[in-house]
Amino acid sequence: MTPNRGQALFRFWFALLGFLAIFFQLTHLLQNVPGASAGNFFSYFTIESNIIAVITLAIAGRYAWQGESPRWLELLRGAATIYMTITGIVYSLLLSNIDVNTPIPWINVVLHYTIPTIMVIDWLVDLPRTRVPVRTSLIWLGFPLLYLVYSLIRGPIVDWYPYPFLDPRVSGYGTVAAMALAIAAGAFVFALVAAFSTRLHIAPTPAVATPSATEPSLPGR
């Protein structure tokens with residue numbers, strides 16, 4: 001592969017932007033919001049998925065600078081893209097009018113809109129060079145599932161839930177289960193779309209060798 005410095009700088013810039021948004025948001029909450037804790041902050045799916053995205057962009061930027069794209073990195077990029085897609089769509093549909101501890105406007109935009117969009121664009125612009133099987137893409141759903149289990153176990157212990165639709169105290173475990181299934185179905189669709197998008201590469205047409213006009217003819221030709 002040829003080094004792609006432009007793509008590398010693109011990834012480095014948005015990795016830095018995402019990092020600064022997370023850092024300043026945490027600092028603001030701990031200094032200005034009574035009762036805020038790092039434990040709760042890092043228990044938001046938005047924060048966890050953005051951390052994964054920032055790390056992925058930084059690593060992918062380094063490899064783009066060197067002109068390399070190992071298979072494990074392509075799978076990591078796919079996972080980060082799925083998680084950020086979940087973050088962006090769930091926030092837009094369910095949480096845009098709810099306080100989720102992102103009171104600073106530019107940080108809210110970066111974490112919920114900018115980085116999710118950038119991850120999708122980066123994925124489509126630099127698709128994996130080999131196809132991702134559907135079975136492999138389903139592995140990406142392991143993290144959201146673990147996050148759901150973690151949130152429901154931690155919630156009663158600390159008496160705090162990151163999102164209203166995960167809080168059984170609001171409308172019961174039935175509603176929580178229904179919302180979790182709906183989000184899981186959406187995540188499943190995102191994983192399928194990401195996997196099938198890797199089939200968009202157009203295979204190069206092999207060149208057909210033709211005799212040169214100056215090539216000497218062999219006997220019997």
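Predicted model: local features only at pLDDT ≥ 70, side-chain atom pairs only at ≥ 80, totals over all residues.
## Ground rules

A residue counts as buried under 20% relative accessible area, as exposed over 50%, and as partly exposed in between, using a 1.4 Å probe and protein chains only.

Residues are numbered from 1 along each chain as its sequence is written, and side-chain values use heavy atoms, with hydrogens and water left out.

## The overall picture

What is the chain built from? It has eight helices and zero strands, so a read along the sequence gives α-α-α-α-α-α-α-α, where helices (H or I, at least four residues) and strands (E, at least two) are DSSP runs numbered from the N terminus.

The C-alpha trace spans about 90 × 35 × 25 Å along its principal axes. The radius of gyration is 23 Å, while a compact globule of 221 residues would come out near 17 Å. That radius is taken over C-alpha atoms, and the globule rule is 2.2 Å times the number of residues to the power 0.38.

Of the 221 residues, 41% count as buried. Contact here means heavy atoms within 4.5 Å. Looking at contacts with a separation of 6 or more, 76% are between residues 24 or more positions apart.

The structure holds 15 aromatic pairs. One of them joins Phe23 and Phe24, edge-to-face, with 5.5 Å centre to centre and 70 degrees between the planes. Rings of Phe, Tyr and Trp (its six-membered ring) pair if their centres lie within 6.5 Å; planes under 30 degrees apart count as stacked, over 60 as edge-to-face and the rest as tilted.

Phe24 is partly exposed too, with a relative accessible area of 41%. Phe23 and Phe24 also belong to one aromatic cluster with Phe19 and Trp106.

## Two tryptophans

Is Trp140 buried or exposed? Trp140 counts as buried, at 5% relative accessibility. You'll find Trp140 in the loop between α6 (134-137) and α7. Leaving out residues up to four places away in sequence, Trp140 touches Leu75, Gly78, Ala79, Ile82, Tyr83, Trp123, Val132, Ala191 and Ala194. Trp140 and Val189 sit 49 residues apart in sequence and 12 Å apart in space, C-alpha to C-alpha.

Now for Trp72, in helix α4 (residues 71-95). Trp72 is partly exposed, at 45% relative accessibility. Apart from neighbours within four places in sequence, Trp72 is in contact with Ile59 and Tyr63.

Asp122 has its place in helix α5 (residues 105-125). At 4% relative accessibility, Asp122 is buried. Which residues does Asp122 touch, not counting those up to four places away in sequence? They are Phe10, Arg11 and Arg77.

Asp159 belongs to the loop between α7 (142-158) and α8 (168-197). Asp159 is exposed, with a relative accessible area of 53%. Although Asp159 is not a glycine, it has a positive phi of about 55 degrees.
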